[in-house]
Protein chains: 2
Amino acid sequence: MTELKNDSFLRALAKEPVDSTPVWMMRQAGRYLPEYKATRAKAGSFMDLCKNADMACEVTLQPLERYPLDAAILFSDILTIPDAMGLGLTFETGEGPRFSNPVRTEADVNKLFVPDPEGELQYVMNAVRTIRRELNGRVPLIGFSGSPWTLATYMVEGSGTKEYAHVKGMMFDRPDLMHKLLDTTAQSVTSYLNAQIKAGAQTVMIFDTWGGVLTPRDYKEFSLRYMQQIIDGLIRENDGRKVPVMLFTKGGGQWLEDMAATGCDGLGIDWTQDIGEARKRVGDKVALQGNMDPSILYASPERIREEVKTILATYGEGSGHIFNLGHGIHQHVNPEHAGAFIAAVKEFSPQYHK
Amino acid sequence: MTELKNDSFLRALAKEPVDSTPVWMMRQAGRYLPEYKATRAKAGSFMDLCKNADMACEVTLQPLERYPLDAAILFSDILTIPDAMGLGLTFETGEGPRFSNPVRTEADVNKLFVPDPEGELQYVMNAVRTIRRELNGRVPLIGFSGSPWTLATYMVEGSGTKEYAHVKGMMFDRPDLMHKLLDTTAQSVTSYLNAQIKAGAQTVMIFDTWGGVLTPRDYKEFSLRYMQQIIDGLIRENDGRKVPVMLFTKGGGQWLEDMAATGCDGLGIDWTQDIGEARKRVGDKVALQGNMDPSILYASPERIREEVKTILATYGEGSGHIFNLGHGIHQHVNPEHAGAFIAAVKEFSPQYHK
């Protein structure tokens, strides 16, 4: 494989010295970019775009053409695994994802299986291979998956939800069934991420978007436990280099210590945390990624620059920080504001790495 | 005024001994009850129901007829204040609240004023007086308002939002304007809650539904500061009895110490906190209200009873706990499950008050 030209992202994850704080944005390939919308229009449906390796590669690289980002992230969706399990994923405009066959009964759970990452999910691996080749060592490629609990919310509800009636109903009343569902899903995620690593992903991130809607007890039993299972089963070295793992539970700031104890290398944190406090809490155990409020990109470039300075100062000196938003970039953000953000990280962070 | 027959709610807020843990439910008068839906259908629009003192009283008392609740809460909406400021509130079916005149410019902010609680908002005070009379001392009546920040999100966005583009845009780029808006709103809330107290509310609660979407710095500057301003201006004794104040910031569990330092009497906490840990953190400063996951009411009565036992044990012995859900009751809950919840609190809590 080609040598990495810019490995500051991986160095920061390993808490090795860097010249400036590496930066990328969750959902950096997305609807806020006109060039993304153009490719998306050509592709057909959202899943058509995910399933076309060349187009998925094209949109993955688009933000790197615009901005001096320090990582690329596979363009895909967290719901590829349940789709490959036969749940029938569609995206209705303005409605979000929908499964035509949600998992509601014991028979439904028993039908679930671990998809073959080079079978039903080969289109994802093809995208990883294509992107890795086209990146040509420019920056590392991040692979990813949803967490088992987050996938379960969509699998059981069949769509997004505010009340979690079905998925929490199953969790509360049939914890045995929920554990079975989560175990099959965790096995699937493990095999899926390992295949991404073999296909060329240099680091992987697990997105636990909905872990934060659980009680502390339920979070540990139904979300964190299965992320731990995945981490225990991941390939941790490839091509002679460590493959770091990042966890991100939105709204999970109070559980950082528990998350850091899983053996992951980095934690994503949302903007409701103070990143300086978070650093004190996790000590030298893990790197931290975050944590600017994505809504600040609606403010002026001057104000965005101020916020970047504040977050850099709050994290303080030394390596172990990957600058990012605390959640995905919003779709109505002006791309120039995203550019002002990234430029500010490049401008103001070197003083913290002397 | 009539002597209170059941004052366990007020005693728990004062951390005085009680025989059992008092219990009520946020949104206990609401759509999960068929009798509510019947009254609502007769009333016309949602705001018609709020503005009709007899009907508002009727729905306020409905859950007390079904369940042995220890408090009643005024039936109203958090958006009455901005509506009285002339922003034009409507509720579209399935869409949530909408303001026809959102506050977006300096001129818009300058037009805001403190509504007369016995003028534009007299319908609320009439409802308070009617409910208090009809309660006849059965249980205390809780008055309430939205927090200034929470009201601001609706006032500036004009509706519910996921991205907070406008309201955070103003907060980030024109903090002076946002502070002016919040100050006028805080003055309005203070006058509104004081009028509710004079009209008969025996305690008041401030709902900060959206404080949890802020960074810790912004929370203190734009939400907590104005709740403090309100608390400093509230009538704290009426009819020879203390009028306790409760604060509830959804997703604000990490800021409990700061909230407790405002001089409030009680804190509502959502289910993402461990109530035993929360108790350790706030010490003897305030009472705690909560914190059962509202989605557990979708589970079986047996499972609901187990959860009640766990939360009672987690809080532990002694007064200072008001049992509640960590957020409003969901609309599709079976009323019998709500009954099982309340019965379980009555059955299992006395052992913690010996």
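**Two copies of one chain and how they meet**

In this predicted model, 100% of the interface residues of chain B are also interface residues in chain A, so the copies meet through the same surface. Two residues are taken to be in contact if their C-beta atoms, placed from the backbone, lie within 7 Å. The model is predicted, so local features need pLDDT of at least 70 and side-chain atom pairs count only at pLDDT 80 or more, while totals for chains, interfaces and linings use all residues. Residues are numbered from 1 along each chain as its sequence is written, and chains are lettered from A and ligands numbered from 1 in the order in which they are written.

The contact draws 25 residues from chain B and 25 residues from chain A. On the side of chain B that touches chain A, helix H9 (residues 165-173) of chain B gives the most, with five residues. Helices (H or I, at least four residues) and strands (E, at least two) are DSSP runs, numbered from the N terminus. By class, that side of chain B holds eight nonpolar, eleven polar and six charged residues; Ala, Val, Leu, Ile, Met, Phe, Trp, Tyr, Cys and Pro count as nonpolar, Asp, Glu, Lys and Arg as charged, and the others, Gly among them, as polar.

Chain B is superposed on chain A by a rotation of 180° with 0.0 Å of shift along its axis, at an RMSD of 0.0 Å. The two copies are thus related as by a two-fold rotation axis. In chain B, the C-alpha nearest the axis belongs to Gln254(B), 3.6 Å from it. The superposition is by least squares on the C-alpha atoms of residues with pLDDT of at least 70 in both copies.

Within chain A, seven strands form an open sheet with parallel pairing, in the order S1-S4-S5-S8-S9-S10-S11. Strand S1 (72-73) and strand S11 (321-325) of chain A stand at the edges, each with a single partner strand, so one side of each is left without a neighbour in the sheet. Two strands pair if DSSP finds at least two bridges between them. S1(A) is joined to the parallel strand S4 (residues 141-146) of chain A by two bridges, and Ile73(A) has Ile142(A) in S4(A) as its bridge partner. Helix H11 (residues 216-233) of chain A lies across strand S5 (203-208) and strand S8 (245-249) of chain A, running at about 165° to S5(A). This angle is taken between N-to-C directions, on a scale from 0 to 180 degrees, with axes fitted to C-alpha atoms, for helices over the stretch in contact.

Helix H8 (residues 148-157) of chain A is mostly covered, with ten of its ten residues buried. A residue is buried if 20 or more other C-beta atoms lie within 10 Å of its own, exposed if 12 or fewer, and partly exposed in between, with C-beta atoms placed from the backbone. Among the buried residues of H8(A) are Trp149(A), Tyr154(A) and Glu157(A). Gly158(A), with a positive phi near 85°, follows H8(A).

In chain B, helix H5 (residues 80-87) is mostly covered, six of its eight residues being buried, and Gly88(B), with a positive phi near 75°, follows H5(B). Strand S2 (residues 89-92) and strand S3 (residues 96-99) of chain B pair in the antiparallel sense over four bridges. Three residues lie between the strands of this hairpin, in which Gly94(B) takes a positive phi near 70°. Phe91(B) has Pro97(B) in S3(B) as its bridge partner. Pro97(B) is partly exposed, with 19 other C-beta atoms within 10 Å.
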